[in-house]
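Here's a quick briefing to read alongside the structure. Have the viewer open and follow along topic by topic.

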Amino acid sequence: MIRLTDLKLPLNHSDDELRSAILGKLSLADAELRDFSIFKRSYDARKKGNILLIYLLDLNLTADAEQRLLADKKFSNIVRPSPDTEYKFLAQAPANFPGADQQRPVIIGFGPCGILAALVMAQMGLKPIVLERGQDVRQRTKDTWGLWRERKLNTESNVQYGEGGAGTFSDGKLYSQVKDRRFLGRKVMSEFVKAGAPEEILMVSKPHIGTFKLVKMVENIRAEITRLGGEIRFNTKVETVHRVANTDDQGQITGLSLSNGEYLPTRHVVLAIGHSARDTFEMLLQQGVYIEPKPFSIGFRIEHPQSVIDKARFGEQAGHPILGAADYKLVHHCKNGRSVYSFCMCPGGTVVAATSEEGRVVTNGMSQYSRNERNANAAIVVGIEPDKDYPDHVLAGIDLQRELEALAYQLGGENYDAPAQLVGDYLRNTPSSELASVTPSYKPGVSLGDLSKALPDFANEAIREAIPAFDKQIKGFAMNDAILTGVETRTSSPICIKRGKDYQNLNTRGLYPAGEGAGYAGGILSAGIDGIKVAEAVAIDLLGLDIPI
Ligand code: FAD
């Protein structure tokens, strides 16, 4: 098999034209190309009048043709042997695992990181125990709707907590910019496809799954983990991580105290708790676990008609089925030294209430697989840093998040409505009193007014400079009627639970901080990849293997 990169064709081409393009590009005779498959397909929409599809293809050629092409310098930039992308397990536990001197590994949190860690450990025969503070995904869906429809927040079962983790009520975008030389992202995607995700996620360059499909998929992966000897306990919060410290303050994990009163002994704990488990962060710090503050971002959600974004990005081709609903990614470096960027853009989706704490309002975005809701939404956020913006102590970033979320709750009317403002009014610094052509999608509702009160001055200054700059790239971005809703504070974790090369916390052996909450992932795919890496690290230590990681 050889891989052909960077083959470009016009948007509206036929299957035959794709085959002819391969033959033409590589000067092959028809009989030399036995068959081919698409490894990835992306598009280049920089010229709206000439949108191109870009293919990465695996070609099955006759042996002679394959040798000839690989030896031909003319093709060395676009042709190479197809890499082996299949996942290889690093270890396999003996059938009688756990032996008398071994304890089962424990994973705290069943979001994408915990799910992949548990699945890979189960596949290696390590029979992991997963502890998840929230409910199973069906009950969790009902609890989450409780806030969106009836303003009733369940602080242990919501958008942030429960089976599937924070990514369950989301757009299910599955791309990441992490370096992935071992194709671990492919392993994550393949497991998602086995569990019911659409097969095209393996092929398109910006795949997404959407909320409904994610729910079923998560249940199927849970069933597979259980079938392989793993155990998943919902409604079970880890309240204390027991850490025995020596005089050099190097600790060892010995066990966990659970919300049901149980003590669970273990020496291997994957900490995949997400970025919203603030009480658990506090507990870890009290127990002496090494934690550092890290940068994150704050801002608003912005909503436009999807048709405005489609037109700006795709021109006459807006609505083309291959292109789907258009997305965008924007960055602006401001005069005050701050950077503003778009984040977690959800084409054809809705803005959702995403708090996990009472008396606070947090926004985020989600969509279904079809992405056919009327509005496009994205976070528009400003980067902030510990030294400059929350220098007081390790968890001061959380204090700042809480302060802004409480302010948003007050501005919204103290009933979980989100404060909102028309973009035009925000730019003119005039409070909004009436909606115009864009209907906000946030549920339970919005309260119009002066949204700038929800953020520090430097952030408003930066966002007011960035929105008109973004309008130069996406015509209509600064339109008067677009809606801003606030606040967006859970963009990433405000802390990093540092780990060493062996994936264990810098001062706590047996504790494997992982995923978004620990600062090692930013999204579903990268959290899943990180889950695989820590599963491997646990297996190596637990089984006493001499394998470099
Ligand atoms: P999480 O998914 O946060 O999972 C952590 C789990 O740990 C939770 O289920 C929590 O209940 C549990 N937990 C916490 N503390 C404890 C404890 N003490 N005991 C037991 N259990 C505990 N990313 C994308 O890539 N694409 C998207 O389209 C996308 N959209 C999003 C939309 C929304 C509304 C939200 C909220 C997030 C979205 N994200 C998206 C981000 C993505 O969901 C996260 O990056 C990802 O879920 C992080 O995975 P994780 O496993 O590290 O943590």
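**Two crossing helices**

Helices α5 and α13 pack at an angle of about 105°, and their axes lie 9 Å apart. That makes α5 and α13 roughly perpendicular to each other, since angles of 65 to 115 degrees count as such. Keep in mind that this is a predicted model.

**More on α5**

- On the α5 side, the residues meeting α13 are Leu-184, Gly-185, Lys-187 and Val-188, and on the α13 side they are Leu-525, Gly-528, Ile-529 and Ile-532.
- Sorted by class, this α5 contact with α13 comes to five nonpolar, two polar and one charged residues.
- Within α5 (residues 184-194), the buried residues are Leu-184, Lys-187, Val-188, Met-189, Glu-191 and Phe-192.
- Those buried α5 residues pack against α3 and α6 (211-227) as well as α13.
- After α5 comes Gly-196, with a positive phi near 115°.

**Domains**

- The protein chain splits into domain 1 (2-81), domain 2 (106-292 + 493-542) and domain 3 (295-488).
- Taken over C-alpha atoms, the centres of domain 1 and domain 3 are 40 Å apart.
- Domain 1 puts six residues into its contact with domain 3, and domain 3 puts in seven residues.
- On the side of domain 1 that touches domain 3, you'll find four nonpolar residues, one polar and one charged.

**Around the ligand**

- The ligand is surrounded by 43 residues, and the closest are Gly-109, Gly-111, Gly-165, Gly-274 and Gly-515.
- The class tally for the shell is 21 nonpolar, 16 polar and six charged residues.
- Why does the ligand lie between domain 2 and domain 3? Both domains give residues to the shell around the ligand, so it lies between them.

**A look at Ser-356**

- Ser-356 sits in the loop between β16 (350-353) and β17.
- Is Ser-356 buried or exposed? Ser-356 is buried, because 25 other C-beta atoms lie within 10 Å and the cut-off for buried is 20 or more.
- Leaving out residues up to four places away in sequence, Ser-356 touches Thr-155, Asn-158, Gln-160, Tyr-161 and Ser-276.
- Ser-276 is 80 residues from Ser-356 along the chain, yet their C-alpha atoms are separated by 7.5 Å.

**Cis peptide bonds**

- Going from Phe-97 to Pro-98, the peptide bond is cis, with omega near -5°. Pro-98 belongs to the loop between β4 (79-81) and β5 (106-108).
- Lys-443 and Pro-444 are also joined by a cis peptide bond, with omega about 15°. Look for Pro-444 in the loop between α11 (423-428) and β20 (446-448).

**Positive phi without glycine**

- Ser-27 isn't a glycine, but its phi is positive at about 50°. Ser-27 is in the loop between α1 (15-26) and β2 (33-44), and with 13 other C-beta atoms within 10 Å, Ser-27 is partly exposed.
- Arg-151 isn't a glycine either, and has a positive phi of about 60°. Arg-151 lies in the loop between α4 (137-150) and α5, and Arg-151 counts as partly exposed with 14 C-beta neighbours inside 10 Å.

How values were computed. Residues numbered from 1 in each chain as written. Predicted model: local features only at pLDDT ≥ 70, side-chain atom pairs only at ≥ 80, totals over all residues. Near = placed C-beta within 6 Å. Nonpolar A, V, L, I, M, F, W, Y, C, P; charged D, E, K, R; others polar. Domains from an automatic or database assignment. Contact = placed C-beta atoms within 7 Å. Buried ≥ 20, exposed ≤ 12 C-beta atoms within 10 Å, placed from the backbone. Helix = DSSP H or I, 4+ residues; strand = E, 2+ residues; numbered from the N terminus. Axes fitted to C-alpha atoms, helices over the stretch in contact; angles between N-to-C directions. Parallel < 35°, antiparallel > 145°, perpendicular 65-115°, else oblique.
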